[in-house]
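Reader: Could you walk me through this model, a few features at a time? I'd like the cut-offs as we go.

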Amino acid sequence: MIDIYVCEDVSEQRELFVQYIQKAILIQEYDMNMKISTWNPEEIIREVEKSENTGLYFLDIDLGTEKNGLHLAQEIREYDPRGFIVFVTSHSEMSFLTFQYKVEALDFILKDEPKELQKRICDCMEKVKNRYGRIRKGEGKTITITRGDRKFTLEYDEIMFFETSQNEHKLMVHTKTKSIEFFGKMKEMEEELGNDFIRCHRAYLVNKKNIKEIRYTEKIIVMENQMECPISHRMLSKVKNKY
């Protein structure tokens, strides 16, 4: 079940968003629930704190309150790091701030395009349904890591491998597009990720799905992005058994 939250300070627009959402839920038979529609960001947070479900959030940026939509999104991430955040606003010039505030928005919809508004909201709901469905089927699994005040939700499919950082108590995760350093322990990461990953070395944990080839005589794993990970002598038989 996906809980849907709307935070918009203009009542007419808020009611219109809810109308679009409820219509889509009814017609498409989405496993979604219109949780709350309000102008008050604090009401959103109170509901998120209590919920055990993943959320889909449609947030205006300028809420006419001390806490704007960007600040609200940051706070939502503390309680629902894997939730889906969509900004619906009249301020196109503020789109770049969604990256500055590091909230990993699913979409940025302009109110100035009313003919597109309903379609974009429905497209977001369909996208969320598909992603959530993959996760429930065991596909599209994700892991959330924290670096400073920023949270990253990474899909398993995107991850190449983890390695111990040169900085104490830190790990590096290498994905198809980026590398991120964060506080963590390799043993705890191995336990959390389970059989989808192989510990090939005390300092390396690789994604089985993204292995291109294994050179056993050289004790090297070559990943899909051509990066190489060593296999320790102690882990060699374990790698052969798991892959």
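Author: Residues are numbered from 1 along each chain as its sequence is written, and the model is a predicted one, where local features need pLDDT of at least 70, side-chain atom pairs count only at pLDDT 80 or more, and totals for chains, interfaces and linings use all residues. Side-chain values use heavy atoms, with hydrogens and water left out.

Reader: What share of the 243 residues counts as buried?

Author: Buried here means under 20% relative accessible area, exposed is over 50%, and partly exposed is in between (1.4 Å probe, protein chains only). The protein has seven helices and 15 strands, these being DSSP runs numbered from the N terminus (helices H or I, at least four residues; strands E, at least two). Of its 243 residues, the buried share is 46%.

Reader: How are helix 2 and helix 3 oriented to each other, roughly parallel or roughly antiparallel?

Author: Helix 2 (residues 41-50) and helix 3 (residues 69-79) have axes 10 Å apart, at an angle of about 10 degrees. Axes are lines fitted to C-alpha atoms, for helices over the stretch in contact, and angles run from 0 to 180 degrees between N-to-C directions. Under 35 degrees counts as roughly parallel, over 145 as roughly antiparallel, 65 to 115 as roughly perpendicular and the rest as oblique. So helix 2 and helix 3 are roughly parallel.

Reader: Which residues of helix 3 meet helix 2?

Author: Contact means heavy atoms within 4.5 Å. From helix 2 come Pro-41, Ile-44, Ile-45, Val-48 and Glu-49, and they meet, in helix 3, Leu-72, Glu-75, Ile-76 and Tyr-79.

Reader: Which strands stand at the edges of the five-stranded open sheet?

Author: The order is 10-9-8-12-11, with antiparallel pairing; two strands pair if DSSP finds at least two bridges between them. Each edge strand has a single partner, so one side of each is left without a neighbour in the sheet. Those edges are strand 10 (179-183) and strand 11 (197-201).

Reader: Which residue of strand 9 is the bridge partner of Glu-163?

Author: Strand 8 and strand 9 pair in the antiparallel sense over five bridges. The partner of Glu-163 in strand 9 is Met-172.

Reader: Is His-169, with its positive phi, buried or exposed?

Author: Most residues other than glycine have a negative phi. His-169 isn't a glycine, yet its phi is about 65 degrees, and it sits in the loop between strand 8 (159-164) and strand 9 (170-175). At 56% relative accessibility, His-169 is exposed.
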